[in-house]
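Look over the sequence and the model first, then read on.

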Amino acid sequence: MKRDISALVKEMTLEEKAGMCSGLDFWHLKGVERLGIPSVMVSDGPHGLRKQDDKGDHLGINDSIKAVCFPPACLSACSFDRELVKEMGVRIGKEAQAEDLSVVLGPAVNIKRSPLCGRNFEYYSEDPYLSGEMAAACIQGIQSQGVGTSVKHFAANNQEYNRLSCSSEVDERTLREIYFPAFETAVKKAQPKTVMCSYNMINGVYSSENSWLLTDVLRNEWGFEGYVMSDWGAVNERVPGLKAGLELEMPSSNGTGDTEIINAVKDGTLDEAVLDRAVERILRVVFDYIDNRHEEKLELEADHEIAKHVACESMVLLKNDEMLPLKKDEKVAFIGGFFKTPRYQGGGSSHINSFRVDSAWDCLDKEENIVYAEGFSAVDDIYDEELAKQACEAAKSADKAVIFAGLPDVFESEGYDRKHMRLPGCQNRLISETAKVQPNLVVVLHNGSPVEMPWLSCAKAVLEAYLGGQAAGSAVAAILYGEVNPSGKLAETFPYKLSDNPSYLNFGCPDKVEYHEGIYVGYRYYDKKEMEVAFPFGHGLSYTTFEYSNIKLSADKITEKDTVTVSVDIKNTGDIAGKEVVQIYIKDNTGICPCPVKELKGFEKIYLEPGETKTVEICLDSRSFAHYNVDTSGWFTGSGDYDILAGASSRDIRLSATLNIESSQQLPLKVHMNTTLGELLADKRTRKYGLKFKHQMDVFFGAPGSTDIKEDSMPEEDGAALGYAMAEAVASSMPVRNLVGFGLYKKEEMLKLLEEMQNA
Ligand code: BGC
């Protein structure tokens, strides 16, 4: 049905229009009955529905309807599977249709800057490319059902502490390369109906009134077409917010924001056209939902199976020294409160009232050769001597012991950050005690973010189940007994200890959080520092093995505008079927700017029967090679060589090929009296001047008659070589004004030469 939304807006009174720009209550937008504008509902998100029929809140305190808790993003991202995440989105979209929800509040795509962020379990990754791909898939899935999404929290919302008032102090290159791309990809690939702005400030300006963020970048650069809503209570000043591009304030401000808008229009400080445009944007999304509304039945049981499937495809086998899969004829001792009470979701606004929860205990055949001892409770950190003793006895009596460990609810949640990266002490202690009596030890982890593993060398296998959604238990059981071959890969690095993390010195600050590590987040940092980590980004084992061969590029030489396709052959060399995630990283060797050792720019997950080989083709677009340049306010690709790396993880690169890019892009030349000879020599546009000046300096200092920095012109004798090297270094960091100082040029002559270079 074709609707004339602009005409509709013209019929609205000032009061009705202002009213449209804030919620009716916690979850509804206002309607205007006389004009046939319905009041629609929005609801959390992101990994299932938290529809509150009765009393509303944004912290998951009051009850919501029974729904399906799919795996939170911390786990689903480990699938590295776009189609799977899209399918999960389709199911959430269908549930939202059935429940008459116009927008699902998600996906949440903030980057995992620190393992401590209390909300990491809701976020996908430390890597912007992976986060963007997952977000786009999720949005495409949900929106295919005629329901909108709200990609959140835009932007740089990476800690919970003081989230409503602190400022994330981030340089622009870091925002553009690390904290924005997930949103950018979501907008460009999947056009979410709404974007939710974050609570925090960015460089001193609230996201909710940041016109650079909400209008220049989001709309004008990326082409966002929907409406921006505030996070719940994120509005600081309503009228500046509206002007900046915040269309909808949520939840209701009980008339405060509306009155401010009305008064501002009346006193001329707000152009009514700005209000009209905001209302039009909101109504387009509202009616888009209304026009696509259709009959849909809740299929909770079927969705539970999808939730299980996603969990099975995502859990990450971190370590396996011939321990898993368990065999039916082995006697296994299961230990730990999480075995019967899995922790499968986090606290806060994403908390779902699951219609059913599987524990691993429920899903195992009780006729099997298994024993259970609680060992420790899943809710607190108390070392109970008696429980521990029983656990050790059970472990000793069996062939293998599997300990279900994890973070209790209070350890991580929306609203606050973790204080450390440790498991409860009682669990670490019991794991170590058990290892003393049972060397065949497996640890299953239920956590939303990395934990330190002081017992790692004693555990022969570790399965990272993360927070697995309501079917977590059945997925774990299926993987432990080999009904499912694990294929998840870590979407984040597990450092050995918290202090290894790059944000360690600047996290959880009250007013200003300085992102000093810049673009070196996650593996970008650990790689650059050549630091050992417990488990690297992209790591994940399988019960089979894969061999990589035959890497090929569709071209060896391209321009900065071209794409290139990498192909790699993958063979399943084991004797069971399995899935492998082929990861493509790029290493920039051009030296154009400081950059990470490698960055993920492509991946594909494939299924292989035993002995089967498949060729995987991954296309790298032109953006894959670019860095953000703040001087030109744009993406820049340098000329030179790039290594294209194909790996099974960021630290398990199996193959590489070299690509040469001849870029026509040039950074603007800025030469002045303080430009150094080294800078002139390094830039081909000024090199000839650099060589000339260098020669003059050599003559001036009586250095060997070289005009260039060449190894073979170095004097043989050591002392002389050192002096030569020093002279070279001094000359290369000497600004051209020194040539004037040494009397080699008059000031006017040098200024003229600089002008000549600038205009060449
Ligand atoms: C959260 C959002 C959520 C909203 C509504 C806020 O506290 O930050 O992610 O969508 O509440 O529940």
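Which residue's side chain meets Arg 524 in a salt bridge? Glu 599 does, with 2.9 Å from N to O. This is a predicted model, where local features need pLDDT of at least 70, side-chain atom pairs count only at pLDDT 80 or more, and totals for chains, interfaces and linings use all residues. Residues are numbered from 1 along each chain as its sequence is written, and side-chain values use heavy atoms, with hydrogens and water left out.

## Salt bridges

A salt bridge here is a side-chain nitrogen of Lys or Arg within 4 Å of a carboxyl oxygen of Asp or Glu. That rule gives 50 salt bridges. Side chains of opposite charge can pair when their charged atoms come close.

Take the opening pair again. Its residues are 75 apart in sequence: Arg 524 lies in helix α17 (residues 523–528), and Glu 599 lies in strand β22 (residues 599–608), so the bridge ties these parts together. Helices (H or I, at least four residues) and strands (E, at least two) are DSSP runs, numbered from the N terminus. Arg 524 is buried at 1% relative accessibility. Glu 599 is buried too, at 8%. Buried means under 20% relative accessible area, exposed means over 50%, and partly exposed lies in between (1.4 Å probe, protein chains only).

Glu 177 bridges to Arg 173 at 2.8 Å, N to O. Both sit in helix α6 (residues 172–179), four residues apart, about one turn of the helix. Glu 247 pairs with Arg 281, and their closest N and O atoms are 2.8 Å apart. This pair links distant parts of the chain, 34 residues apart. Glu 247 is in the loop between α9 (238–244) and α10 (256–266), while Arg 281 is in helix α11 (residues 272–291).

| Residue | Relative accessibility | Class |
|---|---|---|
| Glu 177 | 8% | buried |
| Arg 173 | 15% | buried |
| Glu 247 | 2% | buried |
| Arg 281 | 19% | buried |

## An open sheet

In what order do the five strands of the open sheet run? The order is β1-β3-β4-β6-β9, with parallel pairing. The edges are β1 (42–44) and β9 (227–230). Each has a single partner strand, so one side of each is left without a neighbour in the sheet. Neighbouring strands are turned by 30° against each other on average, direction ignored. The axes behind such angles are lines fitted to C-alpha atoms, for helices over the stretch in contact, and angles run from 0 to 180 degrees between N-to-C directions.

Strands pair if DSSP finds at least two bridges between them. Three bridges join β1 to strand β3 (residues 103–105), and the two run parallel. Asp 44 stands opposite Leu 105 in β3.

The protein is divided into domain 1 (306–528), domain 2 (546–662) and domain 3 (677–758). These bounds come from an automatic or database domain assignment. The C-alpha centres of domain 1 and domain 3 lie 60 Å apart.

Phe 700 is found in helix α19 (residues 687–701). Phe 700 counts as partly exposed, at 38% relative accessibility.
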